[in-house]
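Student: I would like to learn how to read contact surfaces in a model. Could you take me through one step by step?

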6 protein chains.
Amino acid sequence: MKIQVINPNTSKDMTHSIGLSAKHVALPTTEIIAVCPEYGVASIEGHYDEAIASVGLLELIQNVQSEKMDGHIIACFGDPALHAAREIATAPVIGIAEAAFHMATLVATKFSIVTTLARTKIIAEHLLHEYGFTQKCAKIRCIDLPVRTLEEQEDVAYAQLRASCIEAKEHDDIGAIVLGCGGMSKMVEQLSKEVGIPIIDGVTAAVKLIESLHALNIKTSKWGDYAPPTVK
Amino acid sequence: MKIQVINPNTSKDMTHSIGLSAKHVALPTTEIIAVCPEYGVASIEGHYDEAIASVGLLELIQNVQSEKMDGHIIACFGDPALHAAREIATAPVIGIAEAAFHMATLVATKFSIVTTLARTKIIAEHLLHEYGFTQKCAKIRCIDLPVRTLEEQEDVAYAQLRASCIEAKEHDDIGAIVLGCGGMSKMVEQLSKEVGIPIIDGVTAAVKLIESLHALNIKTSKWGDYAPPTVK
Amino acid sequence: MKIQVINPNTSKDMTHSIGLSAKHVALPTTEIIAVCPEYGVASIEGHYDEAIASVGLLELIQNVQSEKMDGHIIACFGDPALHAAREIATAPVIGIAEAAFHMATLVATKFSIVTTLARTKIIAEHLLHEYGFTQKCAKIRCIDLPVRTLEEQEDVAYAQLRASCIEAKEHDDIGAIVLGCGGMSKMVEQLSKEVGIPIIDGVTAAVKLIESLHALNIKTSKWGDYAPPTVK
Amino acid sequence: MKIQVINPNTSKDMTHSIGLSAKHVALPTTEIIAVCPEYGVASIEGHYDEAIASVGLLELIQNVQSEKMDGHIIACFGDPALHAAREIATAPVIGIAEAAFHMATLVATKFSIVTTLARTKIIAEHLLHEYGFTQKCAKIRCIDLPVRTLEEQEDVAYAQLRASCIEAKEHDDIGAIVLGCGGMSKMVEQLSKEVGIPIIDGVTAAVKLIESLHALNIKTSKWGDYAPPTVK
Amino acid sequence: MKIQVINPNTSKDMTHSIGLSAKHVALPTTEIIAVCPEYGVASIEGHYDEAIASVGLLELIQNVQSEKMDGHIIACFGDPALHAAREIATAPVIGIAEAAFHMATLVATKFSIVTTLARTKIIAEHLLHEYGFTQKCAKIRCIDLPVRTLEEQEDVAYAQLRASCIEAKEHDDIGAIVLGCGGMSKMVEQLSKEVGIPIIDGVTAAVKLIESLHALNIKTSKWGDYAPPTVK
Amino acid sequence: MKIQVINPNTSKDMTHSIGLSAKHVALPTTEIIAVCPEYGVASIEGHYDEAIASVGLLELIQNVQSEKMDGHIIACFGDPALHAAREIATAPVIGIAEAAFHMATLVATKFSIVTTLARTKIIAEHLLHEYGFTQKCAKIRCIDLPVRTLEEQEDVAYAQLRASCIEAKEHDDIGAIVLGCGGMSKMVEQLSKEVGIPIIDGVTAAVKLIESLHALNIKTSKWGDYAPPTVK
């Protein structure tokens, strides 16, 4: 099977890193195709960035509709253009925020989120509300560093992230932590070891969910709300 | 004062019609600048259409930032790119769905929505949930006609809309009706007369809300979540 | 047009001050008639005060039904007798708490409320819950001073209010602040300047909302829940 | 012990009838003092009626504060002035709507309400929302008869009520029914027999709850929100 | 009348102590039969303990179905097997958590819970959510002592409990406190005196609610969800 | 890897059938061990059945703790003893109701549930509320046949189920259907073909979720609420 992993920002480094994470957990029979748009924004740190990134993201999905892709992952924690993507795709489409939320609730009664900049907290909060997970999330924390720090100053970012996870573990009455950025995916293993509670990364979670849906022969419903866009 | 009324689809007819509605209720001192993107989608009837239309919409807002516009209206009932627009604008930005919801709750305990195609009902439902108005909306009805029918077959559309409003009045335990499409704006006066309960149109409601905020000297908050997009 | 601004407590000083605030933002064509009951309570600082004040308040609305008033404002932050007032009025009736909440959500993702005595916090909390704004309000703060201090020791009250607003700005993850008492209306301009984020006052907000509904020709719905009281 | 049962409307017949219902279930050691205000409204069928009735109701509670009353019941299904009453009373105060809701949830997963006029449905709906019982109530039904019909045309009212209860039993997926008016109290026994599922009347339920609180030595909390009204 | 008070753990000491509390508030005409299972768990401090204890608990209810018991109390704060018990009982069944929550909301706008071990907080939280009382509970506190400390080191436990109640009173913006364990029942009187706000114990509350339902002739509904288990 | 699939009722036929379904979707490297308790109830059709079945279910999980099982599935739609099982297991534990809900929300905006007897609807409703999916479920339907009919009169059951699914598709404004009983698992493929929208079965969904968690190296959190039961 083939999964298109879309990093909606234009950072090739992050795309590569996300692709590696995805491959790391994928089945041997799963081909991971990690892509990012040619144009758009270098990192997604707000609603405007999301809106701009959505066009390139959707184009990437449309371009492969003839190639029998078996699933698409939107590898940005705001799940931008998720409903739109489901309208144009025939295979399942999963956002990494929802993927992480679903997984977290399977192993803990409550989780905290650790994201990048403070301003992205509202995006996570809106998603929790939309998906129905508001009461499962104890706290949304941030490390107050721009997304690109995860590539450019990995050590600094990791140290902050680790500190924030430990604080969450000690103070939030939780059982698990959700990483609030696709760029953190590469750090999930090390963090899990050091923090000592389940740390959930949406990229890897989404890969397994797509594989699961594929095995169950479940595709995006084309009956009703996710029918293809109307032709004008 | 100057209000930019943005019809996010590319229909010049609908833009013109929406502009007329806006002018009809604006103060004599308010200049209405009705615009639509040059490219995008001819009508917005789903999440994909919204995502695509958002780029042109945001561009229109960005282009006038130096012109001291006093407010922006997103004249599509899904309030597409609302949060994004607030990040880039300094003046207030209002979506016509939220405008209509706010006004409706001021004169009735409950309202119903009448929208166009069935598939747009989920968009209204998500907005109600996000804004906190779920319990104020008794039912979301649709006339099952494409948006462009409102321009191309106005009589047919009006008849359906009128019938649906009357059904809502009789069966939904409501006090008011919200029109679920910017293209219905021109019909609000006639409908109000014929249906006999308050019919709320978001375009005209938004004009008055922008004028209100202007008079109160309240602008989009630039503290926190709606700060300008980060520079990469 | 004519708007009756009702201060439901018996303080003529506060009525005068509220009237000035209202006039300050009203259109030149709007006549503001600021009134208060002859009997009742000197300030409203709890549920009992609200209940007692409601009778005088409703009487004031009934007395002007023949005068073609175009709107009524209930200038007390608990929105006392709001639904009752809508049953007897034909023009729109707006409470200052709801007015402020609606406006705040148009310019910020979240707001805090700053009210007077701690015991009035529960009233604000109930209103947020009833109106659907619970998730938009980050925190309800109080300055722990009686309402009348706003008249009698304006400087003390202002200093407290300013301090509380600044604390809210720094700690509550908000974009705007709602003032939780009609008597604070006169301080909104100065506070806005000093605090540097949108400060919303319900009195002035309500004036503009009434003018808006008037321009839109929308009145309190007399279909269903707000029909005139039954005749016994 | 002594319980003041307040019928907030001025109907002496209904007051008498409610008093009889209360006595019917009270302990031999409980004295029931059924009263109604001298002035106010003859029946409570909306928010305005509630607001007007509240003053007389509160006066009746205040007048007996020196008499060591052990509890007060507000025998109108809208629980008018409940929070206000708790501020001025030292003994517990219970509304018949809340009393009935609490009892119903102890014996059934869901209940329906049968009230009088359609316009009183919104009052019940708001109370369910405020108290937290929205999800426990399957449907609010009405018999579309004025409150006074319960006194003046008892047979007609009973027949309607019985029919509505049977419909609720058959169609609402419920286990119990709550009667939505103090005036229906006298019919609860006969209805229970004929309908064959638990029918809950708030008047009798409230009597037992007051007796329960008394036995537990629990009074209205004077710490915080229900402290006595501030002295001006 | 006869009430079966079931302590679902196997501690005879706690059963005796709970029985005494129940008798203390019961009517002279009420016979209290305090029982516990012969096998199961010595204390209930988590979901597993609850599940194991449920079988013995249900057996105790089944064994007395022929004896015309008038009510059953599940004297463990997690209300284990409550719905199951209602299926097999004909008389009312009440859990002590729900009993306490209902009573608390009758005398205060908000309450805090003080329970034993931190891990039992999630159980209380789930119950609040299921019953609809989430917004009425300000905070769930714990004394971080095992349940059996309430028997074995009563002084230590009492001191902790008292300290926690006082902290709740000072910091939680509440009017009442709910005790989160059947074993705390014996301490409620002393605590009430020392803390000075209403302290609600579920055991005694449940006794009075069962007596109330009995006096009202209301039994567990056998129509619908609580019908007897199907025979296989 | 090894997954223990527990059918909590004692029907060996259903256990076998559920095991087959599980194997059908499992990876070649996954060993499915389908088991049921030796004692308990023949089918689970209410809360009492759930409580009784829980003990055997938990015993089966405890018995294999030394065998390095990689996951446990509770193959009954009420997810009985789910939290308890997570306390005693070290590997992940998943209920088939939650599994199905999670998967359904990944491919459709809304789903309906089709379950067996009407009395089991309340169980599904409570789960939706606890998990946060209430707003994603349009309707809970039932085929009004006992669980064992799924084994004993497969044709009759299938016909009813198919009819109910088609009705849901036509009338519920949904995109997917969740099967509300483990015994329906074997029918999911045929139903999907005949109904033409995604039909989600919890047994197969849970298998893939356990495999996913295993691949991600995520286990039940032992930090906090799901720590092992306390030793008395």
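Student: Which domains does the assignment give for chain A?

Tutor: Domain bounds come from an automatic or database domain assignment. For chain A this gives domain 1 (2–95 + 205–215) and domain 2 (97–203). Their C-alpha centres lie 20 Å apart. Please keep in mind that this is a predicted model: local features need pLDDT of at least 70, side-chain atom pairs count only at pLDDT 80 or more, and totals for chains, interfaces and linings use all residues. Residues are numbered from 1 along each chain as its sequence is written, chains are lettered from A and ligands numbered from 1 in the order in which they are written, and side-chain values use heavy atoms, with hydrogens and water left out.

Student: How many residues of domain 1 of chain A are in contact with domain 2 of chain A, and what area is buried between them?

Tutor: The size of an interface is often given as the accessible area lost when the parts come together. Here that loss is taken with a 1.4 Å probe and summed over both parts. Between the two domains of chain A about 2,300 Å² is buried, and carbon and sulfur atoms give 61% of this. In contact terms (heavy atoms within 4.5 Å), 28 residues of domain 1 meet 32 residues of domain 2.

Student: Which side chains meet in a salt bridge?

Tutor: A salt bridge needs a side-chain nitrogen of Lys or Arg within 4 Å of a carboxyl oxygen of Asp or Glu. The count between the domains of chain A is 1. Glu98(A) and Arg86(A) form a salt bridge at 2.7 Å, N to O. On the side of domain 1 that touches domain 2, α1(A) supplies the largest share, 7 residues. That side divides into 14 nonpolar, 9 polar and 5 charged residues.

Student: What area is buried between chain F and chain A?

Tutor: It is about 3,400 Å², with 67% from carbon and sulfur atoms. Leu106(F), Val107(F) and Trp223(F) lose the most area in chain F, together 21% of what that side buries. The contact involves 40 residues of chain F and 40 residues of chain A.

Student: How many salt bridges are counted between chain F and chain A?

Tutor: The count is 0. On the chain F side, α9(F) gives the largest share, 7 residues. By class, that side has 22 nonpolar, 9 polar and 9 charged residues.

Key. Helices (H or I, at least four residues) and strands (E, at least two) are DSSP runs, numbered from the N terminus. Ala, Val, Leu, Ile, Met, Phe, Trp, Tyr, Cys and Pro count as nonpolar, Asp, Glu, Lys and Arg as charged, and the others, Gly among them, as polar.
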